[in-house]
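Hello,

Here is the structure I said I would pass on.

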Amino acid sequence: MNMTSVAAAPGAAEPPSAFDTGYYDLIAYVVSNAIAGEIMAIENYSEMVHLMPTTQAKIETVMQANEECKHILLLSKLGRTLDIGVQRRIVEPQWNTIRKHFSNAVARRDLPACLIIQDLMTETMAILLYRTLAAEAETDPRTAQVAAAILKDELEHLEIGKARLRELLAADPAAVHDALAWAHHRVMPELFAMISTSCHFLCDDLGIDCGSLSLGSIRTDIEQLRVRGLELYVETLDSLFDPKITNPLIASMSAYEGASNMFPQAASGAACCGSQAANRVPAAAASCCGPAAKAAPAEAACCAQTAGQA
Ligand SMILES: [Fe+2]
Ligand SMILES: [Fe+2]
């Protein structure tokens, strides 16, 4: 374990309190989970190549898988440079759950669902992760440098996905909207569950004390990160879909564990109609308790809860 403190550049903000064991434990944990996400991304892109409609799109998808390979190598090298142990296999079960849903979509030849899971949802959360690690005021310079390089690719992957989905939306909007609702209720709870410093097995695998991990060493906290994740997800959805489609989905996230800061009024049972997401997209209040919301169990539970408080 590298215990060396990293000096701040002259004039730079004061570095995190200490690049000490706690900091490097956190980076080992985050980098290991990031590698798992990259492994899943390689498998997802590889599995959907045959669904892509043109040779050019197949080549582009293989290139995306190749870039995810490069990310694993960069993250592994970062682990060696920092002298921290990183895991190069999927440990946390959420990744396998998402992979299973993706494979189900492939089996149905549901290309919109595949693109939404990998290109929109997973890439959006990857952008959140690498943007956080790339903030030089929060992390050490080597981690920030590697994260910034990967972030550039992930931003491109998101744009590629948006362009593909715009074509599919123009051809068959209903199919894409169905795919979005299907993927949202299966994948987003898993991705948000991973915005956490507690794990199922990863800390044991890394020999880290799970309870000792804190984002304090990178000057942020889980609640901030979840809010940023929600905002980024809303931004991604808003760039492609009508709020009438997305508002019930966003409102359903108030039921997620640890959502109280994402949706400050969730604890009072008024999350549907008073949430932060609803403030960003005012129609959320109306649509989350409308007929569309009743179609999905998560929204129905949310609306029932709200009605019960009324
Ligand atoms: Fe990646
Ligand atoms: Fe990616």
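H1 and H4 are roughly antiparallel to each other. Their axes cross at roughly 155° and come within 11 Å; the cut-off for calling a pair roughly antiparallel is an angle over 145 degrees. H1 covers residues 21–48 and H4 covers residues 111–133. The crossing is left-handed. Please keep in mind that this is a predicted model.

On the H1 side, the contact consists of Val30, Ala34, Gly37, Ala41, Asn44, Tyr45 and Met48. H4 contributes Cys114, Gln118, Thr122, Ala126, Leu129 and Leu133. By residue class, this contact has 9 nonpolar and 4 polar members, and no charged ones.

The next pair is helix H2 (residues 55–82) with helix H5 (residues 141–171). Their axes lie 10 Å apart, at an angle of about 165°, which makes H2 roughly antiparallel to H5. This crossing, too, is left-handed.

The residues that meet in this second contact are as follows:

- From H2: Glu60, Gln64, Glu67, His71, Leu74, Leu75, Leu78, Thr81 and Leu82.
- From H5: Arg142, Thr143, Val146, Ala149, Ile150, Asp153, His157 and Ile160.

They divide into 8 nonpolar, 5 polar and 4 charged residues.

Two single residues may be worth a look in your viewer. Leu168 belongs to helix H5. It has 17 other C-beta atoms within 10 Å and is therefore partly exposed, since a residue needs 20 or more to be buried. Leaving aside residues up to four places away in sequence, Leu168 touches Leu111, Pro112 and Val176. Pro112 is 56 residues from Leu168 along the chain, yet the two C-alpha atoms are separated by 7.1 Å.

Ser46 is in helix H1. Ser46 also counts as partly exposed, because it has 15 C-beta neighbours inside 10 Å.

Last, helix H9, residues 243–252, is mostly covered: 7 of its 10 residues are buried. These are Thr246, Asn247, Pro248, Leu249, Ile250, Ala251 and Ser252.

Regards

Note on methods
Residues numbered from 1 in each chain as written. Chains lettered and ligands numbered in written order. Predicted model: local features only at pLDDT ≥ 70, side-chain atom pairs only at ≥ 80, totals over all residues. Axes fitted to C-alpha atoms, helices over the stretch in contact; angles between N-to-C directions. Helix = DSSP H or I, 4+ residues; strand = E, 2+ residues; numbered from the N terminus. Parallel < 35°, antiparallel > 145°, perpendicular 65-115°, else oblique. Left-handed = near helix turned anticlockwise from the far one by under 90°. Contact = placed C-beta atoms within 7 Å. Nonpolar A, V, L, I, M, F, W, Y, C, P; charged D, E, K, R; others polar. Buried ≥ 20, exposed ≤ 12 C-beta atoms within 10 Å, placed from the backbone.
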